[in-house]
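This briefing is for a reader meeting the structure for the first time. Please look over the sequence and the model before reading on.

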Amino acid sequence: MFLLLWLYMQQTYFWMKNRIVLFVAGCIALFLSSCLNSDDQEYEIPKDCQITAFSVDHDSILGGKLDTVKFVIDQVGGQIFNPDSLPYGTEVEKVVCTVSVATGTYTIEVNQYALPDSTFYWNREDSLDFSKPVKFVTKAYDGITTKVYIAKINVHQVVPDSMSWELYDPSLLGFPVKEQKVVTWSEENNEYYYMYAQGTDASKGYSLYKSSVSDAKSWTELTLNGLPAGEVRLSQMTEYEDALFVPTTKGALYRSVNGQDWTLVEQNYSVKTLLGAIEAVNDGSLKQPSFLSAIVDNNGMLSFASLNKDLKEWQIGEAVYDNFPITGFGSLASYSTSSKQNNLTVVAGKDKNGKLLNSAWSTMNGYQWVLLTDIESNYFDKREGVMLSAYDDKFCLIGGIGESNKAFKDIYFSIDRGVTWTLSDTLTVMPEDYKARGFASVLVDKEKFMLIFGGKENNNANDLDQIWKGRINRLGFKD
């Protein structure tokens, strides 16, 4: 009995031992199988090392808001930049730069162009000098894939309030011109400059040239019909109700609806001077009709007059004042936010006695005028042939010809619509090589460039055959 029990226990022991051995052997076999099969599986090392976000910061730059500046990352060209430049004079020699990178990025190498031999592996914490571009080289974990970026912080390189000028076209028409007038004219939703020119031989009449507003260098001659040779006061040409009007030295008034073909306007008065025009205002209960303003001969007396859009009859106003300009004035139509009406303003010129003036006058109906400047004011020298324009939310007056036939090149601004005038500082002046002149045409385009066409160095000179183009720098900055 004892022997049988011993034999049973030995059999059980060996059975249990074999099971443990078999289990361990199975685990080893499974492990070995896994190791042996590892060569059959591919594990791709990340290679994407792009910079995905970029920003800079500094406590004292832009009032601590440097981190709000938006940057563009050009992944194709490898460029990082801010489209909207920082203000002129902003110093970016030491700014904290923060970048975000793709998961495959292993290292970032930096080279600051402002600091020679400054190549180093960047810890993404040290400040960097962006006074010149900075090169970032990112490397992926595979040790082969790299990506190169050139990062720069754009800062305006010109003084915002200074005015940059260029001689845009040194040879405009290529022949001597005694007088010219340039207006902006629309044709089938396209805008053109129309230049009316009188050659030095007045008996040959007038010629007309046009150029796209976007070009102003390529001029094409157009046919011109109906204007009497040598009699037209080109400087007083005025646009009114989708037509152009111009007076003559003999008191006639001509009109054109296409700028090329002109017809005589039937009227009861002789027009001595065309002062300008304004558009109608219809602001709810507040209405203001459009008008064409002039000085007419009223039974031997010079009187203010206004013509409505029906062109039927002049409305006669007061007699022209002794110190009111008759010729050589600058004329400007503008909208007054205070009165919510359009105003017509004339500045400088000569009165009916041939006396030079430095005053400014204004009207809201065309036949009643008020003096804006004080009668004893002396904001600028008396002159004629001034260039008058609305610019930078101000009235701008340039040049003219004064006493002793002397031309000016100074610039004056008025922030109160012609009541007071201030000589511009050294930032907004005409350049050294700009010749002083008067009787030039001045226009402002949609890009806020001011263009000056022609002009005379004195009353006896021919027109300068050139265009000058200028703009206050900040008016070209992007918002």
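A residue counts as buried when its relative accessible area is under 20%, as exposed when it is over 50%, and as partly exposed in between. The model described here is predicted.

**Salt bridges**

- The structure holds eight salt bridges.
- One of them joins K210 and E187, whose closest N and O atoms are 3.1 Å apart. This pair links distant parts of the chain, with K210 in strand 12 (residues 206–212) and E187 in strand 10 (residues 177–187), 23 residues apart.
- K210 has a relative accessibility of 18% and therefore counts as buried. E187, at 22% relative accessibility, counts as partly exposed.
- E231 and K250 also meet through their side chains in a salt bridge, at 3.0 Å from N to O. E231 lies in the loop between strand 13 (220–222) and strand 14 (238–240), and K250 in the loop between strand 15 (243–247) and strand 16 (253–256), so the pair ties together parts that are 19 residues apart in sequence.
- K250 is exposed because its relative accessible area is 62%.
- A salt bridge also forms between the side chains of D392 and R474, at 2.7 Å from N to O. Distant parts of the chain are linked by this pair: D392 is in the loop between strand 29 (387–391) and strand 30 (394–402), while R474 is in the segment after strand 35 (467–472), 82 residues apart.
- D392 is buried, with a relative accessible area of 15%, whereas R474 is partly exposed, with a relative accessible area of 31%.

**A buried arginine without a salt bridge**

- R437 lies in the loop between strand 32 (422–423) and strand 33 (441–444).
- R437 is buried yet has no salt bridge. The nearest side chain of opposite charge belongs to E457 and is 7.3 Å away.
- The side chain of R437 does make a polar contact, at 2.7 Å, with the side chain of Q466.

- Strand 26 (residues 356–363) is mostly covered, with eight of its eight residues buried.
- In a regular strand the side chains alternate between the two faces of the sheet.
- Both faces of strand 26 are covered. L356, N358, A360 and S362 are buried on one side, and L357, S359, W361 and T363 are buried on the other.
- Strand 25 (residues 341–350) runs antiparallel to strand 26 and is joined to it by six bridges. L344 stands opposite T363 in strand 26.
- The hairpin of strand 25 and strand 26 has five residues between the strands, and G354 in this hairpin takes a positive phi near 80 degrees.
- Strand 26 also pairs with strand 27 (residues 370–371) in the antiparallel sense, over two bridges. The bridge partner of S362 in strand 27 is V370.
- The hairpin of strand 26 and strand 27 has six residues between the strands, and G366 there takes a positive phi near 95 degrees.

**A nonpolar surface patch**

- I45, Y106 and Y141 make a nonpolar surface patch of about 350 Å².
- Y106 lies in strand 5 (residues 105–112). This tyrosine, Y106, counts as exposed because its relative accessibility is 53%.

Methods. Residues numbered from 1 in each chain as written. Predicted model: local features only at pLDDT ≥ 70, side-chain atom pairs only at ≥ 80, totals over all residues. Heavy atoms only, no water. Helix = DSSP H or I, 4+ residues; strand = E, 2+ residues; numbered from the N terminus. Buried < 20%, exposed > 50% of the residue type's maximum accessible area, 1.4 Å probe, protein only. Lys, Arg positive; Asp, Glu negative; His and termini not counted. Salt bridge = Lys/Arg side-chain N within 4 Å of Asp/Glu carboxyl O. Polar contact = N/O pair within 3.5 Å; in protein donor to acceptor, adjacent residues only side chain to side chain. Patch = residues over 30% accessible without salt bridge, like charges linked within 9 Å, V, L, I, M, F, W, Y side chains within 5 Å. Areas by Shrake-Rupley, 256 points an atom, 1.4 Å probe, with all protein chains shown as cover. Pairing = 2+ DSSP bridges.
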